[in-house]
Amino acid sequence: MRKKVTIIGAGIAGLSAGCYLQMNGYDTEVFELHSVPGGLCTSWKRGEFTIDGCIHWLVGSAPSDDFYKLWNELVDMKNMEFVDHEEFMRVEDKDGRSMRVFTDVNKLEREMLEKAPEDSELIVEFTDAVRKFLKFRMPIEKAPETSNLFDALKMIFWYVPYRRALKNWSSISAREYAERCRNTLLKKAFEYMFLSETMALFLVMTIVWMHKKSAGYPVGGSLRFARLIEKRYLELGGKTNYRSKVRRIITEGNSAKGIVLENREAHRSDIVISAADGHYTIFEMLEGRYIDEEIRDYYDNYETFPSFVQVSLGVSRTFESEPHALVTPLKIPLVIDESVTYEDIMIRTFNFDPTLAPEGKTVITAIFGTENYGYWDNLRKRDRETYKSEKERIANEVIEALEGRFGDIRSNIEVIDVLTPSAVMRYTNNWKGSFEGWLLTPKMGLRRMKKVLPGLKDFYMAGQWVEPGGGLPTAILSGRNVAQIICKEDRKSFTTTRH
Ligand SMILES: Cc1cc2nc3c(=O)[nH]c(=O)nc-3n(C[C@H](O)[C@H](O)[C@H](O)COP(=O)(O)OP(=O)(O)OC[C@H]3O[C@@H](n4cnc5c(N)ncnc54)[C@H](O)[C@@H]3O)c2cc1C
């Protein structure tokens, strides 16, 4: 008898769990609230333009990275086209000075030393750390939950050479590291490389992946990538149900037995996996009946990635001579909402992906993090006019800033799109509109979270709410790990097939 598994969420983690379970003889069915796969890994059409809402870089895009093997199990990686940028981003200041954050560590070191010689010690400390981690490999082949003594010994052997460096770089945040810089451009570079609340280890690893050219951008964008994984899932015999929001998980005798949709339809199964939002799963679908102190502590006291406002423009001109990612000062600070005001703007120009706009045209985006999900959601629900006018105000201020920096913008605009935290929530149901789950802060450290809940059998969680730091590689890994755990419990050996 093949066991039946219900999977909640067709994000990358849910599709991954589905693919690997299909490969191992389970019958799986995915229920997704949205009308398309991908979850946060998404894009959307506006007129002739495709606006991308996710992938800036995909760790594992090249065979030199261990995640390549995993992606290759779900997507035909040989036929994927990736863009590896020479510059990760460029930062500018009010005095017209700029610093290029090269992806090659040697070029980056030269540029930083030239532009910020007063911080040479800090720069060399950073680039030395990058060089040290170039050989670092993550043991991802086997789920830690299925490890034996031999695996544990291997893990210690792997960990020892990096123990000190991992500890040092994970106990300080990117912002704290940036604060040490005397040079303001260098400070800005470190602050904008990733979220400044994350551990500085993430800055180091970002350049490691970039230097190895193993974190490219997949041409075609995020939804196309998600659809390739969905295709693989369907070919393996999986079933998808879209516009199917799960309201409740059926439990009997403290075992998960299936799900109930918002339209009250019930679907029974032997196992349930939630690859959907963690807060909604634990506190709504399971009504908070299966938690302990540790889980409560996470949801009460740990920081999550913020939500965001994204302004996207479709313009009838190109920006070939401009960097694809630019942080530049605003003449007038931009108030996003009462919780956050920006003095700089991060602009992305998508000339490097010709599939997103017709020839001679470009998509430009500017993204602003905000913790104030509640404000945006209330505004949309209670005062649609102000919600609309606030979106217009922010778009206008962004356009003004782009006009000042590039010129020739306003007259070339064909499409304007403003995404708010309220939309992130509506389309992905992520708690507080968060874009990546648990923030990898020094307080979070490098801890692992459990993929099961206390007292509940035949139930597992996958995705960014059980993998601190989130991201696409951990989404595929987490779905694969859950499949390995289930196989182990059923005394089956876990197998994979190549694409
Ligand atoms: C702007 C932006 C840029 C990013 N850039 C990168 C990047 O460059 N590289 C990278 O690796 N990562 C990036 N990420 C992060 C990455 O997209 C996410 O961490 C990852 O996609 C999370 O996958 P997931 O499957 O865990 O969760 P999700 O994508 O959130 O999937 C969960 C799915 O469950 C569905 N769902 C929720 N509740 C229910 C319910 N009740 N019933 C049915 N379905 C439900 C949701 O609709 C969703 O489809 C970015 C994210 C954003 C927003």
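**The largest cavity and its surroundings**

A: The lining of the largest cavity is made up of nine nonpolar, five polar and three charged residues. In this division Ala, Val, Leu, Ile, Met, Phe, Trp, Tyr, Cys and Pro count as nonpolar, Asp, Glu, Lys and Arg as charged, and the others, Gly among them, as polar. The model is predicted: local features need pLDDT of at least 70 and side-chain atom pairs count only at pLDDT 80 or more, while totals for chains, interfaces and linings use all residues. Residues are numbered from 1 along each chain as its sequence is written, and side-chain values use heavy atoms, with hydrogens and water left out.

Rolling a probe the size of a water molecule over the atoms shows where empty space is left. On a 1 Å grid over the protein atoms alone, a cavity is a set of points where a 1.4 Å probe fits but cannot get out; a pocket is an open set with protein on both sides within 12 Å along at least five of seven lines, and lining residues have an atom within 4 Å of a point. The points are joined across faces, edges and corners, and a volume is the space filled by probe spheres set on them.

By this rule there are two cavities of 30 Å³ or more. The largest holds about 140 Å³ of space. Of the 17 residues that line the largest cavity, His56, Trp57, His85, His324 and Arg348 lie nearest its centre. Strand 7 (87-92) and strand 9 (215-218) each supply at least two residues of this lining, and strand 9 gives the most, with three. Strands (E, at least two residues) and helices (H or I, at least four) are DSSP runs, numbered from the N terminus.

The second largest cavity holds about 110 Å³. Val59, Asp65, Phe136, Arg137 and Trp209 are among the residues that line the second largest cavity. Here helix 2 (66-74) and helix 9 (201-211) each supply at least two lining residues, and helix 9 gives the most, with three. By class, the lining of the second largest cavity has seven nonpolar, one polar and four charged residues.

Fourteen residues line the second largest pocket, and Pro329, Leu330, Lys331, Glu400 and Ala401 lie nearest its centre. Strand 16 (325-337) and helix 14 (384-406) each supply at least two residues of this lining, with strand 16 giving the most, six. The lining of the second largest pocket divides into six nonpolar, two polar and six charged residues.

The packed regions come next. In soluble globular proteins, nonpolar side chains tend to be buried together. Buried means under 20% relative accessible area, exposed over 50%, and partly exposed in between (1.4 Å probe, protein chains only). A nonpolar core is a set of buried Ala, Val, Leu, Ile, Met, Phe, Trp, Tyr and Cys residues joined through side-chain atoms within 4.5 Å. The largest core has 126 residues, and Trp71, Phe126, Phe133, Phe190 and Ile273 touch the most other members. Another core lies apart from it, with 27 residues, including Leu326, Tyr387, Leu402 and Ile409.

Leaving aside residues up to four places away in sequence, arginine 426 touches Leu33, Arg380 and Tyr387; contact means heavy atoms within 4.5 Å. Arginine 426 and leucine 33 are 393 residues apart along the chain, yet their C-alpha atoms are separated by 9.2 Å. Arginine 426 is partly exposed, because its relative accessible area is 34%. Histidine 34 lies in the loop between strand 2 (27-31) and strand 3 (43-46). With 18% relative accessibility, histidine 34 therefore counts as buried. Beyond residues up to four places away in sequence, histidine 34 touches Tyr242, Arg243 and Tyr427.

A further loop residue is lysine 432, between helix 15 (421-428) and strand 20 (459-461). Lysine 432 has a positive phi of about 55° although it is not a glycine. Its relative accessible area is 33%, so lysine 432 is partly exposed.
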